[in-house]
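Hi,

Here is the structure I promised to pass on.

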Amino acid sequence: MSNSPYIVEMNHIIKTFPGVRALDDVSFRLKSGEVMALLGENGAGKSTLMKILSGVYTRDSGDIQIFGNSQIGDLNPRKAQDLGVSIIHQELNMCSHLTVAQNIFLGREVCNGNLLDDNAMNEQAKEVLSSLHIDIAPQTVVGTLAVSKQQMVEIAKALLCDAKILIMDEPTSALTSVEINQLFELIRELKRKGCGIVYISHRLEELQYIVDSVTIMRDGKFIIEKPFNALTMNQIISYMVGREIKEKFPHTLTKKGNKIFAVKHLNAGKLVRDVSFDVFEGEILGIAGLMGAGRTETTRAIFGIDPKESGEIEINGRGVNIKHPEDAIKAGLVLVPEDRKRDGLCVKLSVRENIALPNLDIICNKVGVINRKTERNLVKKAISGLRIKLTTEEVNASSLSGGNQQKVVVGKWLARNSSVVMFDEPTRGIDVASKVEIYHLMNQLKEQGIAVLFVSSEMPEIMGVSDRIVVMCDGKITGELLRQDATQEKIMEYATQFENKLGSR
Amino acid sequence: MKKILIVVCVLLLATSLFAQGAKEDSGYKVYLITMDQMDQHWVNVDKGAQKAAQELGGVDYKWLAPDVKDDAKQIESINNAVAGGADAILLAANGPNAVTAALKEAESAGVKIVYVDSAANYPAVQTLATDNTAAGTTAGKELLGALTSSGVSSGKIGVISVNSATASTVARENGFRIAFEGTGFQILETQYCDGDAARSKDMSANFITQGVVGLFGANEGSTVGIGNAIAEAKKSVIGVGFDKSDMILSLIKGGHLLCTMAQNPDVMGYEGMKTAVKALKGEAIGASYYDTGVSVLTKDNL
Amino acid sequence: MSRDKFGLVRRVLAIRGIGQVLTVTVGLIVLYVVFGIMNPVFFSSRNIANLLRQIAPILLIGIGQSYVLITGNIDLSIGSVVGMSCMISATMMAKGANPWVAVLVTIICCLALGLANGLLVSFAKLPPFIATLGTMTIARGIAQIANNNYNTDSIGEAAQGFRDFFYYGKTFGLYNTIWIALVLWLIFNFILTRTRSGRHIYAVGSNVEAARLSGVNVISATTKAYLVSAFVSCVVGLITAATSGMGTMDAGNSYELYAVAASVIGGISTLGGQGLLFGTVIGASIWGVLQNGLQFAGAPVAIRNIVIGIIVVVSVLLDVIVRSGKGSRKKHISIVA
């Protein structure tokens, strides 16, 4: 038993997934009675680190000490729970058909002999809930509760498992200000009881009300750990994004022309709120932001996949009414989606069939019979134009490399003389050479006078390729930057500009 | 020159006579090809064919059948028979259309085809099978007779069959209804049990509750259910059915079923063999369809 | 005193899922009355006794299918296990084996199949539709070869005790079959509502990931449900053998679908995680009343099939429409693929 004040100590943690080093010699410490914020961009490694602590993943190397005891060998969720580690996921994990008490005691039911003792469980649940000042009856069916209340039930459940180390992943995203205050009270109560809390959040403005210390990660590495009061917000953002941008991105300067694409006051659910922007001839508009900011949802609403509540779309000055993707395609607006394997390609069909698919109206005659010659020419043109590497166009789309698959997705649209092409995370999971080809392609399109929208989570990329950048946060557009004015810090500032539910500073 | 020619001709004639005679010596090769080898039904067909073969003499008889009911395997059997030099085959076709191609080839090889129990969609010398409709009428007549002789001339009759698609049971039901035309009895809506004797028993019990005086089962499962229901209800309901099985026989012996219609597979084999040999000898055949009929099995003749 | 009564009523009404159960109970009563009006013989005491005895096997297979549906899966092998059980037990008895030895052997064989179902679905992670389609075929095959591809001979005089126990005998004025169904329903309802295993079965159907992360043994819970299903199907097979006095290879044809119908009509959701076993009683009763009543009403087969089909489709539609929400559509597809 060491005399260290730290209840969690992780040192030199390394975790590799195929092709990527998710955690590179990372350290992390947590004291009893402390709220430690764990900050970093998407992909920095925060979730991975916490999953290792809670036993969901196993580390490749490095040591972990919990309450001074070295953990030799691998943890699993049950073991971690027994040691007092509990994780409250962002995606709630409750059985919606069971009651609050039943969920709290799931897997550790209180029994009278061999029979369930529901009375005892209801009593104990009531106790835990009231000790945390949560006003929910234990017999309430969880599916009928608001998400915020479900979150509180999860916290109560963690406590009942005697959790002394509580990891909370974006706990306030679904809460109103009143509920956030309640949650923070709860967290203070837990601190008093000696629990250590890891608080993962992008809502930097809220941290001041609850956080004691900050650990910042970037690109799988540990950057710094300091008491919260010792850093300014700007410094925090700087540490989060302050990488040296070594890559050079191909960027062409094209004269800006007329407005060819306009989105006005688009509303589509919680993640697309009053979104408006314009795209001009000869420019690439980048859309930056964190995961869950609403960028993909915006492209889907524009393309007609998701229904929208209100808003107008204009192409070349004329309004277009888009209710389904077909309408968008007919209007000359196309989307290269985020999940190419699921939404962009028919993986079991050949490359030729994929490229031909949205172009059948061009390829078929009036009766609907496919003209083989037209099809072949169209496909060949797409393949050579994009330099897609394949042996023959008959191979299954799934057999191509990520980069070539993405080119097929793009290729099927290019035959159509579109006016607007939206790219959603086009270079995710693609090798470097193919990435460059995609950047060149986007430049080509903009030179041809096609409006290009480019959604990406990789800041260097967005800053390198776009002419103008629009930043989204929590469904709204929070900032706009010209290429020459954009810095990583400014983008991150806009990207974390959540509505401060707790009032201004 | 002329002399040599005459000698050659005589030799040729003699050889051809010999050839005929040689054929007569080894007899006609007749193959029986059934649906499988296990069902008692086919065993009886084989027995009948064997009996006829012995009686007739000069027949080289073989029984071929796949181990399970399967179209592809039956086609194989037919081809094997033809390759083995069959002169005639007695066939119980699995399905009416599956084997027609193989039969065409057999016929062009000169093989005579006789159907036993189930015909295929291909012309043959004769088909020997149970005329299910006639059998149904026989069953109906038995029931009618028993009812009238016990003084009952009107009332409700229940019918339990398998399903609305199986040709054989549908034909039996139709035949049954014919026997009751113009009588004072009302036949209620047929109930289908899918061959499940337990379901048949429930349905029969319901009929009995409705006050039927007679019950008819179109196959083994249906009939067993009827017998069990009558046994339990202890009411004076008369039941007749189809097929022969240990359970049905014991229900008849116990007095719960009046009688059952049993097919005559041995007649199919016996008469089928006789027809085949007649055809090979070039004799006239007669009718193209031979009803091998049903035997009415009652308590008395068991 | 009257306050107590209200409290009880209120508590009953608060049970999740009681709404549908009450609705179908009303439906059952209406159906019963309508059929009786169409043919008063339907109300006779003789028919009531028969009717209850006809409902019993449907309730039993309903219990099994309900358990499996609650875990979010499906069991298509139920009918074939009934056939397998009928044939194995009848073959042994027809050959002179002691009926109770035959019963024991049959139970073991059926439970083995249930175990296979459970492991295929939860351990090998096969889609339940495919896995139980496979075991359905295997069980039906076993039913066929049990007596070398024939139906069996009579199970004989020595089996009269067996026949009375499972079907023909009466105890306290009710047919034994009814008692068997009732007792087994009480036991399995108890297990489902008052034991840890039962709670886990609901949890796995509600959110299998949440259950897993809470330390619930998902493989154990899923397999238990399939074992229950195999057991009750086995009992129904024994009842069938007792009824007929012999084994038919066709026994149990299509029963898995009747079991789904009884469960869904009774309020068990095909999406998993909810439903009351009491609802299955009502669902099975409605099924039995339909079969029996339509015969008394003299309905031709076509009408009967259409009526039954419509009721089943409407029940499943209501189930999906009322219960569907975000995410449950994904779950629904998981039964099939």
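One term before we start: helices here are DSSP runs of type H or I with at least four residues, and strands are E runs of at least two, numbered from the N terminus. Also keep in mind that this is a predicted model.

Let's begin with chain C. By that count, chain C has 15 helices and two strands. Its radius of gyration is 20 Å, close to the 20 Å that the globule rule gives for 337 residues, so chain C is as compact as a globular protein of that length. Of its 337 residues, 55% count as buried. As for how the chain folds back on itself, take the contacts in chain C between residues at least 6 apart in sequence: 80% of them join residues at least 24 apart.

Now for what chain C touches. Its contact with chain B takes 29 residues from chain C and 29 residues from chain B. On the chain C side, the elements that give two or more residues are α3 (45-70), α11 (218-244) and α13 (277-296). Of these, α3(C) gives the most, with four residues. The chain C residues on this side divide into nine nonpolar, 17 polar and three charged.

Chain C also meets chain A, in a contact that takes 18 residues from chain A and 18 residues from chain C. Here the elements of chain A that give two or more residues are α2 (77-83) and β8 (115-116). The chain A residues that touch chain C divide into nine nonpolar, six polar and three charged.

While you have chain A on screen, find helix α14 (residues 372-386). This helix has 15 residues and reaches 21 Å from its first C-alpha to its last, close to the 21 Å expected at 1.5 Å a residue. Which residues of α14(A) are buried? They are A:Glu375, A:Leu378, A:Val379, A:Ala382, A:Ile383 and A:Leu386. Seen down the axis of α14(A), these buried residues fall within an arc of 125°, so they line one face of the helix. The face turned away from that buried side carries the exposed residues A:Lys373 and A:Ser384. Among what covers the buried residues of α14(A) are α12 (351-356), α13 (360-363), α15 (402-414) and α16 (432-447) of chain A. Just after α14(A), A:Arg387 takes a positive phi of about 55°.

Last, chain B. It is divided into domain 1 (26-130 + 265-292) and domain 2 (132-263). Taken over C-alpha atoms, the centres of these two domains of chain B are separated by 33 Å.

Why does B:Ala88 count as buried? Because it has 26 C-beta neighbours inside 10 Å, and the cut-off for buried is 20 or more. B:Ala88 and B:Tyr31 are 57 residues apart in sequence, yet 6.5 Å apart in space, C-alpha to C-alpha. Leaving aside neighbours within four places in sequence, B:Ala88 is in contact with B:Tyr28, B:Val30, B:Val111, B:Lys112, B:Val114, B:Ala276, B:Ala279 and B:Leu280.

Cheers

Terms used. Residues numbered from 1 in each chain as written. Chains lettered and ligands numbered in written order. Predicted model: local features only at pLDDT ≥ 70, side-chain atom pairs only at ≥ 80, totals over all residues. Domains from an automatic or database assignment. Rg over C-alpha atoms; globule rule 2.2 N^0.38 Å. Buried ≥ 20, exposed ≤ 12 C-beta atoms within 10 Å, placed from the backbone. Contact = placed C-beta atoms within 7 Å. Expected span 1.5 Å × (residues − 1). Arc of directions from axis to C-beta. Nonpolar A, V, L, I, M, F, W, Y, C, P; charged D, E, K, R; others polar.
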